[in-house]
Amino acid sequence: MTRALVIGKFMPIHNGHLALIEFAAAQADEVIVSMSYTESDPIDPMLRLGWIKEIFSSNPNIIPAIIKDDFDDESLPLQERTKKWAVVINKAYPKIDVIVSSEEYGESFAINLNATHILFDAERKKFPVSASLIREKPFRYWDFIPPVVRPYFVKKICFYGAESTGKSFMAQKLAQHYHTEFVPEVARELITSNEFTEADIIKIGYAQIDRINEKLKTAKKILFCDTDTITTQIYSQHYLHTVPAILYELEKQVQYDRYFLFDIDVPWVADHLRDLGNERALMHNLFRGELEKRYIPFTLVTGNYEKRFAFVKGEIERMLSE
């Protein structure tokens, strides 16, 4: 049996890596994909390893592995540097017969492992991308990012504020405009009145997070979210006069990339859940205060619905271009 080795940080793994690994699988009976990591990596190592495992879960001959990068010495000449790598790799894995890489280090690393080196797309003509480019400009290189990795780079936009200010309308319309997903206010699917219990509000908190995670899988670059866990806390306090501790833990699970606070300068429209038409200013200030005490930056959205749409769309366009 021949065994190939592919090494890298895979931060993140991209389509060029996938082609490299699949090419290696065609050269040997088994491929070890060795992902190196350090404590200071900008993307969590276990998340990266999980991506690799999921991508190749249907191929038992491709074996993801993880190794701590505490043995490299960039000050050494390449031959001496890869000799240190070879010592560690020989201890960590079974005998390696083939090194497959697109990098300069491949030949000397293979010599030190007493293996054969096979070069793949060294000039990166087939896949003109790198992990660092994706980290810097994920939207520009979106098509090179595997579907399992894309949720990590999706920008989560929160439309936030008191009731009847156009958040739902905005989330749906912008999701349609950008051909992406939106997350509705899940509470409206779970309760029919404002006579609810603490168990109900906890259920709402979990359901909102679950829906975000579900929609992230299919969102294209941006996910528009109508409400957040802070909103659930505010209404819990208002109607139940208490906030279950779990809602503060759920709040930590989602970090939004941008908050838009919707002002109350549009007509109030009643429905079966809205009953705070006489307290709009109070609730608006309460919503704003919750962001301010958390030091969460936000952008105030004012004007009629057409002006709001144009304004928020302009902000999104700037974010996409950056």
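**Close-up views of a predicted model**

View 1. The model is predicted: local features need pLDDT of at least 70, side-chain atom pairs count only at pLDDT 80 or more, and totals for chains, interfaces and linings use all residues. Residues are numbered from 1 along each chain as its sequence is written, and side-chain values use heavy atoms, with hydrogens and water left out. With a relative accessibility of 3%, Q233 is classed as buried (buried means under 20% relative accessible area, exposed over 50%, partly exposed in between, with a 1.4 Å probe and protein chains only). Not counting residues up to four places away in sequence, Q233 touches V243, L247, Y248, E251 and R294, contact meaning heavy atoms within 4.5 Å.

**View 2. Packing of helix α10 against helix α12**. Helices α10 (residues 229–240) and α12 (residues 280–293) pack at about 130°, and their axes are 11 Å apart. Axes are lines fitted to C-alpha atoms, for helices over the stretch in contact, and angles run from 0 to 180 degrees between N-to-C directions. The two helices, α10 and α12, are therefore oblique to each other (angles under 35 degrees count as roughly parallel, over 145 as roughly antiparallel, 65 to 115 as roughly perpendicular and the rest as oblique). From α10, residues I230, T231, I234, Y235 and H238 meet M283, L286, F287, E290 and L291 of α12. By class, this contact of α10 with α12 comprises 7 nonpolar, 2 polar and 1 charged residues; Ala, Val, Leu, Ile, Met, Phe, Trp, Tyr, Cys and Pro count as nonpolar, Asp, Glu, Lys and Arg as charged, and the others, Gly among them, as polar.

**View 3. Packing of helix α9 against α10**. Helix α9 (residues 198–216) packs on α10 at an angle of about 170°, with the axes 10 Å apart. Helices α9 and α10 are therefore roughly antiparallel to each other. On the α9 side the contact is made by E198, I201, I204, G205 and I209, and on the α10 side by T229, T232, S236 and L240. The contact of α9 with α10 divides into 4 nonpolar, 4 polar and 1 charged residues.

**View 4. S130 in the loop between β5 and α5**. S130 lies in the loop that runs between β5 (116–119) and α5 (131–136), and is buried at a relative accessible area of 14%. Its side chain makes a polar contact of 3.1 Å with the side chain of S132. A polar atom of the S130 side chain also lies 3.2 Å from the backbone nitrogen of L133. Beyond residues up to four places away in sequence, S130 touches H14 and R124.

View 5. N114, although not a glycine, has a positive phi of about 55°.

Methods. Helices (H or I, at least four residues) and strands (E, at least two) are DSSP runs, numbered from the N terminus. A polar contact is a pair of N or O atoms within 3.5 Å; within protein, one must be able to donate a hydrogen and the other to accept it, and residues adjacent in sequence count only if both atoms are side-chain atoms.
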